[in-house]
Amino acid sequence: MAHLLGAESIHLEYPTKVVLEDVTVGISEGDRIGIVGRNGDGKSTLLRILLGEQLPDSGRVTRRSDVRVAVLDQSDTLDPASSVGYSIVGDVPDHVWASDPKIRDVIAGLVADLDWDKPVGQLSGGQRRRVALAALLVGDWDVIGLDEPTNHLDIEGIHWLAGHLRQRWVNNAGGLLVITHDRWFLDEICTKTWEVHDRIVEPFEGGYAAYVLQRVERDRQAAVVEAKRQNLMRKELAWLRRGAPARTSKPKFRIDAANVLIEDVPPPRDSLELSRLAVARLGKQVVDLVDVDFAYGAAPILTDVNWKLAPGERTGILGANGAGKSTLLSLIAGVLEPTAGRIKRGKTLQLGVLDQQFSQLEAIQSDLVREVLARTKASFVVDGKEMTPAQLLERLGFDRAHLQARVNELSGGQKRRLQLLMILLAEPNMLILDEPTNDVDTDMLTAMEDLLDSWPGTLVVVSHDRYLLERVTDQVYGIFRGRLRHLPGGVDEYLKLSAQGVEGAAQGAKPAARAGGSKDEAAGASQSSQASGAQRHALGKELAAIERKIAKLTQQREKLLAKMAEHDPADYQKIAELSQEAENLAIQIEQAEESWLELSADLD
């Protein structure tokens with residue numbers, strides 16, 4: 001494959017730190033490279049040097065003479081006075097860009113909901129980010145560098161971007177460099193992974209799953225390092241092999257070698273034990289939402305929400321930006337009150353909330369980290385082992401040297417770790433995580449997931465990080481047109497329903513119309529989906545029967561869970577029997593819900 005660009009013996013240092021030392025790398029036609037590493041180790045610096053945005057102290061960057069490169073970094077360089085349309089397509093006439101299917105696809109995928117004539121200066125930070133990404137992708141480039149491109153994209157937008165990058169070039173053409181903490185995204189698009197660490201760049205074949213395997217092998221063979229870090233990655237590998245087989249089915253992921261490495265690694269979570277402990281700590285009632293509505297003024301956000309959170313439930317919430325996910329969390333937490341319906345909370349409920357605003361840190365900005373930890377409880381039990389707050393912080397990937405830093409001097413990722421630690425030390429029995437992956441690198445995410453594996457309690461997570469959701473939760477709900485809907489098929493079912501238009505104003509609707517989407521196709525789809533009056537009546541009766549069945553099964557399961565809560569926690573055998581019965585009922589409920597969804601789609 002032809003060489004596109006590369007770096008030879010580059011060296012870069014700052015007054016207090018050497019970032020890169022004698023690094024030599026190259027990008028060839030067809031390379032799709034993910035760049036991973038801890039925050040501050042030089043990922044963004046390497047990307048800027050390779051794409052000509054920054055000069056190294058020594059060494060040289062080589063580039064084929066005809067190569068066209070573009071980079072999306074984390075800074076905002078858009079002209080605030082320019083309109084959205086001008087920022088993306090410049091002064092190209094509408095009939096010219098609208099006739100280009102590639103440009104139409106980019107606009108539909110990223111900025112369908114934005115006013116084409118609105119000045120960029122009036123947009124939010126997330127909207128500006130999407131405009132900048134769209135402006136880059138409509139161009140014709142041989143090499144593209146993307147620094148955290150999934151920031152501010154919802155899960156549909158991330159799914160679209162992955163598909164776009166897979167299809168953007170033909171095989172063995174073009175080059176892509178991407179920095180992201182979204183591990184699902186890395187696995188979807190990358191054929192190689194570069195790990196930036198200890199002033200070097202270490203290459204691996206394959207996406208994130210293959211990188212995890214090779215990194216475990218590297219640590220073992222070199223007899224290096226940190227037993228804690230190695231065990232953590234082996235646990236991550238065990239989950240990849242057991243819990244997400246689709247990720248590891250790629251030819252480059254060596255299944256036999258992976259199975260040997262994880263043969264003595266237990267499953268990430270002992271669900272039965274965690275459920276028993278959660279019931280013991282919470283009792284039979286956690287939070288019940290009954291016929292809940294919420295509106296801002298005349299604008300309805302959530303409608304007719306009925307949801308009973310069970311002890312030990314681990315749930316992910318999905319929805320487009322603005323669908324009402326954070327509003328739902330605020331209602332559960334008691335920050336907002338419903339405009340209709342009621343919310344009942346268990347008497348023993350102790351809630352911990354990891355929000356996006358670092359609210360737990362506001363009052364301690366000028367304190368030293370060690371002073372903050374000194375005011376917390378003396379010990380904390382994780383996996384049956386007693387740990388000090390400093391040890392727990394170290395387990396979360398925090399350097400002990402940072403104990404002497406003030407809170408307001410910490411990076412975003414370090415603040416996130418401290419915020420999570422303070423919440424856990426308060427020993428809540430229900431935990432709400434609102435976009436916990438913000439400002440966090442992949443190592444920190446792995447450490448966070450490992451800690452949550454052994455945490456007994458009810459967990460509700462809102463995140464656009466598909467990997468995290470599938471890793472730490474057991475079920476998924478989606479918000480569609482203000483209604484909460486259980487999704488037995490998980491993220492895949494959410495994406496399928498969203499693509500079918502269940503979401504209503506889904507991303508992509510406006511640009512398809514602007515750019516000349518087929519009205520005949522829409523009319524044909526509408527006609528084919530219509531059923532006769534008799535058919536609709538029969539379907540309605542069948543749906544009603546399934547709904548009664550679901551209600552009956554749900555009532556039986558709730559009685560079982562209540563029985564478990566009242567039973568002696570020391571009687572493990574009886575608890576196990578009841579838990580198995582509850583699990584069987586849950587499976588029957590999921591099967592009935594799947595049938596309901598299929599019939600509902602026919603009725604629609």
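Which residues line the largest cavity?

## Cavity lining

In this predicted model, the lining of the largest cavity is made up of Ile35, Val36, Gly37, Asn39, Lys43, Glu148, Ile179, Thr180, His181, Val440, Asp441 and Thr442.

The space inside the largest cavity amounts to about 50 Å³, and the count of cavities of 30 Å³ or more comes to three.

## Packing of α4 and α5

Helix α4, which covers residues 101–110, packs with helix α5, which covers residues 125–137, at an angle of about 165°, and the axes of the two helices lie 10 Å apart. The crossing in which α4 passes α5 is right-handed.

## Residues at the helix contact

On the α4 side, the contact is made by Lys102, Val106 and Leu110, while α5 contributes Arg130, Leu133, Ala134 and Leu137. Taken by class, the contact of α4 with α5 holds five nonpolar residues and two charged residues, with no polar residue; Lys102 of α4 and Arg130 of α5 belong to the contact and fall in the charged class.

Methods: Residues numbered from 1 in each chain as written. Predicted model: local features only at pLDDT ≥ 70, side-chain atom pairs only at ≥ 80, totals over all residues. Heavy atoms only, no water. 1 Å grid on protein atoms, 1.4 Å probe; cavity = no way out; pocket = protein on both sides within 12 Å on 5 of 7 lines; lining within 4 Å. Points joined across faces, edges and corners; volume = space filled by probe spheres on them. Axes fitted to C-alpha atoms, helices over the stretch in contact; angles between N-to-C directions. Helix = DSSP H or I, 4+ residues; strand = E, 2+ residues; numbered from the N terminus. Left-handed = near helix turned anticlockwise from the far one by under 90°. Contact = heavy atoms within 4.5 Å.
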